[in-house]
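Subject: Handover of a structure and notes on its architecture

Dear colleague,

Please find below the structure that I am handing over to you. My notes on it follow directly after.

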Amino acid sequence: AGILNFCANNYLGLSSHPEVIRAGVETLEQFGAGLSSVRFICGTQSIHKDLEEKIARFHQREDAILYASCFDANAGLFEVLLTPEDAVLSDELNHASIIDGIRLCKANKYRYKHMDMQDLEAKLQEAQKHRLRLVATDGAFSMDGDIAPLREICRLAEKYGALVFVDECHATGFLGPNGRGTDELLGVMDKVTIINSTLGKALGGAAGGYTTGPKPLVDLLRQRSRPYLFSNSLPPAVVGCASKVLDLLMESNAIAQSMAAKTQRFRSKMTAAGFTISGQDHPICPVMLGDARLASVMADDMLSRGIYVIGFSYPVVPKGKARIRVQISAVHSDEDIDRCVEAFVEVGRKHGALP
């Protein structure tokens, strides 16, 4: 009783929003539990097309295509888009799903140092011999809470004739003035060619992913993307919930705007207490501890004090960089955040993480 969840991807608190739940129930009652089919047989209903249209409108793109997850969206993109004549340039800390998706394609693969624009430029120069060049990056990196330098990436891509792909799973809904993501935050919405993101985090928290971008690309994915062709379509209740979330976000930017102050409150109070918090201005707030056992026992002690957090250690993060990843949500009150900080200080002193 009384446990506060500080480790969920529920950035906007919308997974328990009454209107979102009601929309899911209504869609469940109207369309049933599932379509028992893939999209191209009998798995496409009006709600799926409506949601894809809303996603494209939200991101100000031409079209969108739904997947069972963003992992599937990442797995289904690169193989369709890239041939052995092409090249993909990937940040070394990109999400596992991007890495797996790139492994499935036959393009020439370049890995540049994390957010290192000099290294990216060198790799782009080397890749000039290939037909098509695609730079792939997370918008916000989930383990460290840092944000890709998209302005510089897009400038280099333009200079060397490359396309830009961004995974926005930890940005969609709450970064940028209207929650469009890192491309809106950094003013490059017209420079990013392809966006993949999820419905399973800020946009309702259930399941589902998507690709949004040029209509010819989406048309191609509908014909050739294997995770789309051979996976059941999204359950109606999930579609209904996500559709309502997008309605709420496009009606008002108030929820997205509320995140900045809450994030700053936690980061500033934890830093003042003596903790090292990775990343910058993102609700992913990794409390860096270094030692795997320390991260684990501190997380256990935090739970006993009513704060639910999880310790991360190798192989999820590099050796020697164990941490407790805290994630701030719009539904956390100032009192909740202060209670979390107080628990960290108490537990940190107990285990020697603070003097």
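This is a predicted model: local features need pLDDT of at least 70, side-chain atom pairs count only at pLDDT 80 or more; totals for chains, interfaces and linings use all residues.

Strand β13 spans residues 322-327, and two bridges connect it to β12 in an antiparallel arrangement. Both strands belong to an open sheet of four strands, ordered β9-β10-β13-β12 and paired in the antiparallel sense. At its edges are β9 (276-277) and β12 (311-312), each of which pairs on one side only.

Within this sheet, β10 and β13 are antiparallel partners over six bridges. One of the residue pairs here joins G290 to its bridge partner A322 in β13. On its other pairing, β10 meets β9 in the antiparallel sense over two bridges, and T276 has M288 of β10 as its bridge partner. The two strands β9 and β10 make a hairpin with six residues between them, and G279 in the turn has a positive phi of about 80°. Helix α13 (residues 292-304) lies across β10 (284-290), β12 and β13, and runs at about 35° to β13.

Seven strands make up an open sheet with mixed pairing, in the order β2-β8-β7-β6-β5-β3-β4. The edge positions are held by β2 (63-67) and β4 (108-112); each has a single partner strand, so one side of each is left without a neighbour in the sheet. From one strand to the next, the twist averages 20°.

Strand β5 (residues 133-138) pairs with β3 (residues 87-91) in the parallel sense over four bridges. Along this pairing, L89 stands opposite V135 of β5, and A87 stands opposite R133 of β5. Strand β5 is also joined to β6 by five bridges, and these two strands run parallel; here D138 is opposite D167 of β6. Six of the six residues of β5 are buried, so the strand is largely enclosed by the rest of the structure. The residues R133, V135 and T137 point one way from β5, while L134, A136 and D138 point the other way, and all are buried.

Helix α4 (residues 70-81) lies across β2, β3, β5, β6 (163-167), β7 and β8, and its course is at about 155° to β7. Helix α3 (residues 46-59) packs on the sheet as well, where it touches β2, β7 (194-198) and β8 (209-213); its direction makes about 125° with that of β2.

At the level of the whole chain, the protein is divided into domain 1 (16-251) and domain 2 (253-351). Their C-alpha centres lie 27 Å apart. In the contact between them, 16 residues come from domain 1 and 18 residues from domain 2.

In soluble globular proteins, nonpolar side chains tend to be buried together. Which residues of the largest nonpolar core touch the most other members? Of its 60 residues, they are F266, I324, V326 and F344. Helix α11 (residues 236-251) makes the greatest contribution to this core, with eight residues. Domain 1 (16-251) and domain 2 (253-351) each supply at least three residues to the core. Apart from it lies another core, of 25 residues, which includes C70, L77, F78 and V88. To return to F266: leaving aside its neighbours within four places in sequence, this residue is in contact with C285, V326, I328, I337, C340, V341 and F344.

Finally, there is one point from a record. An unreviewed UniProt entry carries the annotation "domain: Aminotransferase class I/classII large", which covers residues 3-344.

With kind regards

Technical notes
Residues are numbered from 1 along each chain as its sequence is written. Side-chain values use heavy atoms; hydrogens and water are left out. A nonpolar core is a set of buried Ala, Val, Leu, Ile, Met, Phe, Trp, Tyr and Cys residues joined through side-chain atoms within 4.5 Å. Buried means under 20% relative accessible area, exposed over 50%, partly exposed in between (1.4 Å probe, protein chains only). Domain bounds come from an automatic or database domain assignment. Contact means heavy atoms within 4.5 Å. UniProt positions are given in the numbering used here, feature names are shortened, and annotations may be inferred rather than shown by experiment. Two strands pair if DSSP finds at least two bridges between them. Axes are lines fitted to C-alpha atoms, for helices over the stretch in contact, and angles run from 0 to 180 degrees between N-to-C directions.
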